[in-house]
Amino acid sequence: MGIYLNPNAEAFKMDKNTDIYVDKSLVLTELNKLLGTRQNFVCMSRARRFGKSMVGNMISAYYSKGCDTKEIFSKMKIGNVPGYLDNMNKFNVIKLDLNGFYSNASVKKRSDFLFEDLNGTIIEEFIEQFPKLIIAENASIQDAIMKVYAKTGEKFVVIIDEYDVLVRESVPENVFDNYLRFLNGLFKNADLRPAIALAYITGILPVVRDKVQSKLNEFTEYSMVDAQQFAGLIGFTHEEVEELCNTHGIDKEECARWYDGYKLSESVGIFNPLSVVNAVRRKEFGSYWTATSSFEALKKYIMMDFEGIRQDIISMISGKSVPVNVMKFENTLDSINSKDNVFTYLIHLGYLTYNRTDKTCYIPNAEVRTEWINSIEDERDYRSIMAIVNASKKLLDDTINGNEDAVAKALDAAHTEVTSNLTYNDEHCFQSAICLAYFYANTRYTLVKELPTGKGYADLALIPFLPNIPAMVIELKHNKSSETALQQIKDKKYDDALKHYRGNLLFVGINYDEKTKKHECKIEKLVL
């Protein structure tokens, strides 16, 4: 066994020995179905820290002839699948962590000898592991694979983790050209294809539709916008998170509010695995995934001056979905030239999620929404959006403090600045506009529209997930009065829906007068 050729299972064992481990071994059953077919070249793209590398370690440990992992896998979920032993430890595996290799290489090697050095190291391992075959020291990896296959009939599994690191990094042109030649040698040689039982590459981006695509057009993409049968096999499913929460005494509903929301198929959604593990380990909910990188990357793209992007960002922060065309993005940063491209890239990064059914995107959960707020709140260059954020924050504070006149004036301003594309033609538009005005409340509350109360539906309820702030029931009226709205809350006992809540409760009646273009507000406090 070697470092790159037929590696051992130590990385997989380290992963599995962690205190909180979720068994994702059923991904192997899907990969086994692809072995030796025309669909055996797999590009698995997921957001950063979503478990791609851990799955790659597991795949290597399962297929590699450098391992004996029967005992381990027999106790995992795949051990209950008939025929799971048929492919175990039967293949020559080449496993490359391109990000690690590139990061650890010297500056000179990065510029001049990166892939020559990688090729030479792997050839040394071929010569060591196949001493009976004559493999020249200056042979290419593809030549060595062909010789082994021709002489022994043994096939290969090729795993490249973070294949797109050189696409996302600013690398010299000659390094990128060398990389293209490297990919071309491995994956475009028709004579080599029968020798490769499975090629599995991972990255944040799907196959790049530019220079790289011609080298990787044999790959089937499984991504954040179209995960297909792998939707629940990378990342944590609802069932897996519920089991973790029950085992470790964690509030599963709060866990979902913080980390759920990634809709990878029509029927499967996943949680952010890094954040769930940290929350379970620390018994505390917080921003763990977003803390692993600067939000400058997010800020860079959402501040691009494309038509409609600001309004859509405000809508999404308020909890709404917005349309997006994910087919226009060419999976390269050079091609980001429209709002659709920006949002599609942010879906791949994990800052948004995609609903294939209605072709919309939205912010998946509280952790990521906090990052969006941070990204538009802290810099002078973004004063126009900061003003909207701060106005929404002040509107919330004024409501909590019972400042009725300030709330009415703030809603007047919000109707002009934030919701200028929404008219109050019906109750639904009015409700949507108010939700947009209160979008900052999403950082402190769960907003529930049309909350069932037993005697009707409250237009809007704000249920706090932070301590020491009041819950709210908001009733909206059009061309009537705020007193009428407030009285309806009382008459229909809308507070009954919050009878299990203990703390301060605010009744908020809001009316909009179409003739004067003004809002009115009445607020009453109740202690439950």
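Predicted model: local features only at pLDDT ≥ 70, side-chain atom pairs only at ≥ 80, totals over all residues.
A polar contact is a pair of N or O atoms within 3.5 Å; within protein, one must be able to donate a hydrogen and the other to accept it.

**Start with the whole chain**

Show the protein chain as a cartoon. Its secondary structure comes to 21 helices and 16 strands. Turn the view to see the extent of the chain. The C-alpha atoms fill a box of roughly 90 × 45 × 35 Å along the principal axes. How many of the residues count as buried? Of the 528 residues, 57% do. Now think about contacts along the chain. Take those with a separation of 6 or more: 69% of them join residues 24 or more positions apart.

**Select residues 27-34 and 52-63**

These are helix H2 (residues 27-34) and helix H3 (residues 52-63). Their axes come within 11 Å and cross at roughly 60°. H2 and H3 are therefore oblique to each other. The crossing of H2 past H3 is right-handed. Now show side chains at the contact. From H2, pick Val27, Leu28, Leu31 and Asn32. From H3, pick Val55, Met58, Ile59, Tyr62 and Tyr63. Which classes of residue make this contact of H2 with H3? It has 8 nonpolar residues, 1 polar residue and no charged ones.

**Select Arg257**

Go to helix H12 (residues 252-259), where Arg257 lies. Is Arg257 buried or exposed? Its relative accessibility is 17%, so Arg257 counts as buried. The cut-off for buried is under 20%. Next, show Glu254. The side chains of Arg257 and Glu254 make a polar contact at 2.9 Å.

Now leave out residues up to four places away in sequence. What does Arg257 touch then? Select Asn365, Ala366, Thr446 and Phe465. Look at Ala366 in particular. Ala366 and Arg257 are 109 residues apart along the chain, yet their C-alpha atoms are separated by 6.1 Å.

**Select residues 309-317 and 339-349**

Here helix H15 (residues 309-317) packs against H16. The angle is about 35°, and the axes are 11 Å apart. H15 and H16 make a right-handed crossing. On the H15 side, show Ile309, Asp312, Ile313 and Met316. On the H16 side, show Lys339, Val342 and Phe343. Colour the contact of H15 with H16 by class: there are 5 nonpolar residues, no polar ones and 2 charged ones.

**Stay on H16**

Last stop: step just past H16 to Gly350. Check its backbone there. Gly350 takes a positive phi of about 95°.

Terms used
Residues numbered from 1 in each chain as written. Heavy atoms only, no water. Axes fitted to C-alpha atoms, helices over the stretch in contact; angles between N-to-C directions. Helix = DSSP H or I, 4+ residues; strand = E, 2+ residues; numbered from the N terminus. Parallel < 35°, antiparallel > 145°, perpendicular 65-115°, else oblique. Left-handed = near helix turned anticlockwise from the far one by under 90°. Contact = heavy atoms within 4.5 Å. Nonpolar A, V, L, I, M, F, W, Y, C, P; charged D, E, K, R; others polar. Buried < 20%, exposed > 50% of the residue type's maximum accessible area, 1.4 Å probe, protein only.
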